[in-house]
Amino acid sequence: MRLRKLKDRSQLSTRQLAVETGYSAKSWQRYLNGRSLPPREAVEAMARVGGDDPPRLLVLYEIAAERWADGRVVTTDAPENLSATPARTPTEQQPYGRHLRAAVTAGAVVSVLSISAALLLAVRLTEARAQLAQDRSDAVATAPATVSESLVPIIYTCRLEQRDGHWYAGLTRTTDLLLSNTHVGLEVAEAQCLLRRAGTAPGDIDGVFGPKTRRAVELMQKRNGLVVNGVIDPPTWQALREADPK
């Protein structure tokens with residue numbers, strides 16, 4: 001123990017040490033035997049008497065105080081005036097180390113919960129996008145979806161290829177599903193890709209049949225001598241899949 005080494009270096013008895021520091025000989029016996037944690041002021045006084053560096057000794061004291069706090073409430077003695085008054089009532093030192101660890105643990109729990117909530121939100125958003133992009137197995141028999149407040153925006157990729165004289169964008173192979181204002185989904189994105197290929201750009205390939213897509217359809221129908229109704233009907237699908245850009 002550091003304090004005992006300093007006491008031995010000073011060559012003072014516990015009674016002499018009491019005179020030099022203001023703490024009783026019995027108190028120093030408890031401190032030096034490890035039965036009681038000395039107060040901070042007693043450590044500083046011992047540093048002066050033993051010729052040690054007070055700041056360095058106080059660092060060791062803080063470590064010792066934390067270890068004491070881990071196991072039990074620490075009892076320390078207040079300074080005593082040997083010539084006038086008896087020793088004052090001992091006070092209890094709070095286990096600050098235990099409180100600090102509890103605070104750190106609580107902070108870690110909050111961080112983990114926050115990260116978990118963010119990951120859950122990301123997963124749900126990904127699932128929503130995947131559900132919106134899922135191709136319907138029977139596009140002819142099922143009516144296309146319409147725009148709603150829960151719509152999750154998505155940008156589709158056009159993978160244009162020509163097979164047997166027909167153009168496809170890799171999203172659906174339908175040729176007769178009716179599409180008009182407010183419809184959404186893969187079929188609309190397919191038509192938008194083919195409209196862009198035909199030279200009548202509908203804006204973003206977002207699978208949403210809006211005003212830009214309608215104007216692109218009307219222009220394409222006009223160029224190909226079709227009925228200009230702004231609706232992607234079977235004749236319009238046929239022209240989109242077969243016609244070269246004009």
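In helix 4 (residues 40–50) of this predicted model, E44 and R40 lie 4 residues apart and are therefore separated by about one helical turn. An α-helix has 3.6 residues a turn, so residues three or four places apart point the same way. E44 forms a salt bridge with R40.

| Salt bridge | N to O distance | Relative accessibility |
|---|---|---|
| E44 and R40 | 4.0 Å | E44 26%; R40 36% |
| R163 and E161 | 3.3 Å | R163 42%; E161 30% |

Aromatic pairs number 0 in the structure.

Helix 2 (residues 14–21) has T14, L17, A18 and T21 as its buried residues. Viewed down the axis of helix 2, these residues fall within an arc of 105°, so they line one face of the helix. The face turned away from that buried side carries the exposed residues R15, V19 and E20. Just after helix 2, G22 adopts a positive phi of about 90°.

On the surface, V59, L60 and I63 form a nonpolar patch with about 250 Å² of accessible area together. L60 belongs to helix 5 (residues 54–71) and counts as partly exposed because its relative accessibility is 42%.

Conventions:
Residues numbered from 1 in each chain as written. Predicted model: local features only at pLDDT ≥ 70, side-chain atom pairs only at ≥ 80, totals over all residues. Heavy atoms only, no water. Buried < 20%, exposed > 50% of the residue type's maximum accessible area, 1.4 Å probe, protein only. Helix = DSSP H or I, 4+ residues; strand = E, 2+ residues; numbered from the N terminus. Arc of directions from axis to C-beta. Patch = residues over 30% accessible without salt bridge, like charges linked within 9 Å, V, L, I, M, F, W, Y side chains within 5 Å. Areas by Shrake-Rupley, 256 points an atom, 1.4 Å probe, with all protein chains shown as cover. Salt bridge = Lys/Arg side-chain N within 4 Å of Asp/Glu carboxyl O. Phe/Tyr/Trp six-rings, centres within 6.5 Å; stacked < 30°, edge-to-face > 60°.
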